[in-house]
Amino acid sequence: MAVGTQYLAEQPKLRTTSLVVGAIALAALLAAPFFLYPVFLMSILCFALFACAFNLLIGYVGLLSFGHAAFFGGAAYFTAHAVKVWGWEPLSGILLGVAGAAGMGLIIGFLAIRRQGIYFAMITLALSQMFAFICLQVPFTHGEDGIQGVPRGNLLGLIDLNQPLAMYYVTLGIFLFGVFAIWRIVNSPFGNILKAIRENERRAISLGYRVDRYKLGAFVMSAALAGLAGGTKAIVFQFATLTDVQWQMSGEVILMTLLGGIGTMVGPIVGAGLVIALQNYFAAYDFPVTVLIGIIFVICVLLFRRGIVGEILELLKRKPKGTV
Amino acid sequence: MSNAPLLEIRGLNAWYGESHVLHGVDLDIREGETVTLLGRNGAGKTTTLRAIMGILRRREGVIRLRGKDLIGLPLHKVAQAGIGYVPEERGIFASLNVAENLMLPPNVAESGMSLDEIYTLFPNLHERRSSQGTKLSGGEQQMLAIARILRTGARIILLDEPTEGLAPVIVQRIGDVLVALKKRGMTILLVEQNFRFARKVADRFYLMEDGRMVNSFPGHELDARMDELHEVLGV
Amino acid sequence: MNTIFGVPTPALYGQILIGLINGSFYAMLSLGLAVIFGLLRVINFAHGAQYMLGAFAAYLLLTYVGIGYWPALIVAPLIVGAVAIVIERFMLRRLYGIDPLYGLLLTFGLALILEGAFRHWFGAAGKPYAPPAELTGALNLGFMFMPIYRGWVVVASLFICVGTWLLIEKTRLGAYLRAATENATLVQAFGVNVPLLLTLTYGLGAALAALAGVLAAPIYQVSPLMGSNLIIIVFAVVVVGGMGSILGAIVTGYVLGVLEGLTKVFYPEASSIVIFVIMAIVLLVRPAGLFGREE
């Protein structure tokens, strides 16, 4: 699955190509708000970061979490509450969201890693549903209404985030920071051990690694980064609601990652962009979005399990072999 | 006994994933005959049985039973064509009791043994018919694995190392059972390391090495070929 | 009026009855999930949608065709079972032998399609479905009044659970199923048509869910989302019970339903999360589940 990064490292030519592509992509992201709606772009950036965070777990440890909405939506609530009710500055509000998501990740992860595979998915789903029920009942989330009218405020007291462009570039900065952090984690010694666990858990145990600790560590990091995406989203959209903590949201992030390519660096970003764009497009028509998402799920699982980016990388990998 | 073989195998190749494990195996078994495959561990004996049954799916060549080609059939049709399989690991099911294990394989012909006959031949199984299948001793499990095939009416039975890991007394019992089956006209393809056991029942021997048939000879030549066999088998 | 721990006994019995009814549905659904998982190694996320389809089939049969409750108990499961057979033949079958997570994702996608489509056509609001005339009214049990239909659901679900258990433990088909759960290849090598067995098992599991859906229609309203909220709780039930044992799935379903009902009496705020809390505790104490074997 995770052929992307390793493969690039072995192929200097492709590496330069990918650097060029990366530079073009960055330039495009910097210029984008002059051509497209900033809110639409920020929505993509938030979900892309969320999908990358989710992919850290499924792509590099092989754990399918069906409850990542809890971290994303939970952080949105924490950030929204801190900024709106306590009057915190936005960045510290987002950091509180990250910390809260990490704490929840510690609890949910601790329970879920006690089982593997399919059970892990069911447990994370059940625990996140429990969190959704709690959000429905506790007063600070305001039940069905959610936390509305969250002020964007001044970043560090300096930048007025009510300016759409300022908000966009801050969101882009957070997104790039998050993706860079994931890239560092994946390519660190820690990340290599995670991949070893994914390939063969028993062997990793027999080599003396405390597999459970690594899994829990990865789970908490993934939850914290999902929280970074969720907290940012609360500032961008100025609200936090139940939608973001419900199981449908966990399903959507799975779809984004699956569609783009599980275990690839850019796959989740591509997947998130596509899913958000499709949702926007179909919002104008009388076609139920849930059905659309379901259909993409079925097509992905049956026809291209590697995802779009995964299939492209697979093609690139085959070609040079054939010519040599 | 007619001259056309009951089971005819020509140029059988088989693969486990990418690795090529059988290389053009030829094998004939006539009706009522007992044929034994000899060879070292890893020579391809078990693989040959699994390829005949279709458990190993990647294969090429010809496998004909009474002239009917088996190689294109789905797995469950091979048994229905009249071949019974007794796997090396015996394949007794833990979630089924002895009687259920016995009744599990569907009948493939009318000529199968009745339950009464089976319980007469294997009184232990009757005694323990409501015990969990895997609670039986190794010898009893082997009897059960053979008995359930006899019930189905299969005319040809593939037996993979029936004596492995069993006490001499039990090996003796299994030998008696095979002799009884021969008398009933059953065709048997036996994989066996213990050729002192095999010589009692085998009409012919095939010798395998590295996924190929290297030799075959009638049963009465076994003694004369002992030295040659010791060399090939490394025993 | 009698009280237990300060709670009036009729209220207590009432909640236990509600718990027992919820437990009936947990038991029937987790039973179907366990049977499907045992043989196909697929967690059927569409189980909740199939339950919803059963309820909707009953509702539509009554509204548009005039077919009432009793025939619907047979017809609705047959329809849903047939749909499931098509799904198994053309989709699930292609996923056998690869990571079981893909089966989960496929059935999740199917659940989204079914629920989204029904929501689009019928709206999110629940539709009432009247219980049959024979089962209306209430019975005076001496210590409480019990609506007859609710009593019927508890009895019917017990029969369904015990019937399924007997089918698996005592019949030849059940023996094939148990054996194939252990070693499908060998069972097929004996001449059993295992691919057909897989298809039938998925159809049977879905039909069971649909039957539960018909039973549920007069109690809960018929709505497109009735299944998805239930299925997540049933997943928790399955984690608590472990999927190794059919009987374990049934018992866990009823017990957790009753515990949930009791929580509603003594600490109502926690009633919606109590099953998840129990799941968390079981994970801490016995990670493999109460009746499970560690795999």
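A residue is called buried when its relative accessible area is under 20%, exposed when it is over 50%, and partly exposed in between, with a 1.4 Å probe and protein chains only. Helices (H or I, at least four residues) and strands (E, at least two) are DSSP runs, numbered from the N terminus.

Good morning. The structure before you is a predicted model, in which local features need pLDDT of at least 70 and side-chain atom pairs count only at pLDDT 80 or more, while totals for chains, interfaces and linings use all residues. Residues are numbered from 1 along each chain as its sequence is written, chains are lettered from A and ligands numbered from 1 in the order in which they are written, and side-chain values use heavy atoms, with hydrogens and water left out.

I begin with chain A. This chain contains 14 helices and 2 strands. Its C-alpha trace spans about 60 × 45 × 45 Å along the principal axes. For 324 residues, a compact globule would have a radius of gyration near 20 Å, and the 19 Å of chain A agrees with that; the radius is taken over C-alpha atoms, and the globule rule is 2.2 Å times the number of residues to the power 0.38. Of the 324 residues in chain A, 55% count as buried.

I turn now to chain B. Here there are 9 helices and 10 strands. The radius of gyration of chain B is 17 Å, close to the 18 Å from the globule rule for 235 residues, so chain B is as compact as a globular protein of that length. Along its principal axes, the C-alpha trace of chain B spans about 45 × 40 × 40 Å, and 54% of the 235 residues of chain B are buried.

Which residues of helix H1(B) are buried? They are B:Lys45, B:Thr47, B:Thr48, B:Leu49, B:Ala51, B:Ile52 and B:Met53. The helix, residues 45-53, is thus mostly covered, with 7 of its 9 residues buried. Just after H1(B) comes B:Gly54, with a positive phi of about 90 degrees.

Finally, consider a pair of strands in chain B. Strand E1 (residues 7-16) and strand E2 (residues 19-29) run antiparallel and are joined by 7 bridges; two strands pair if DSSP finds at least two bridges between them. Within this pair, B:Glu8 stands opposite B:Asp28 in E2(B). The two strands form a hairpin with 2 residues between them, and B:Gly17 in the turn has a positive phi of about 60 degrees.
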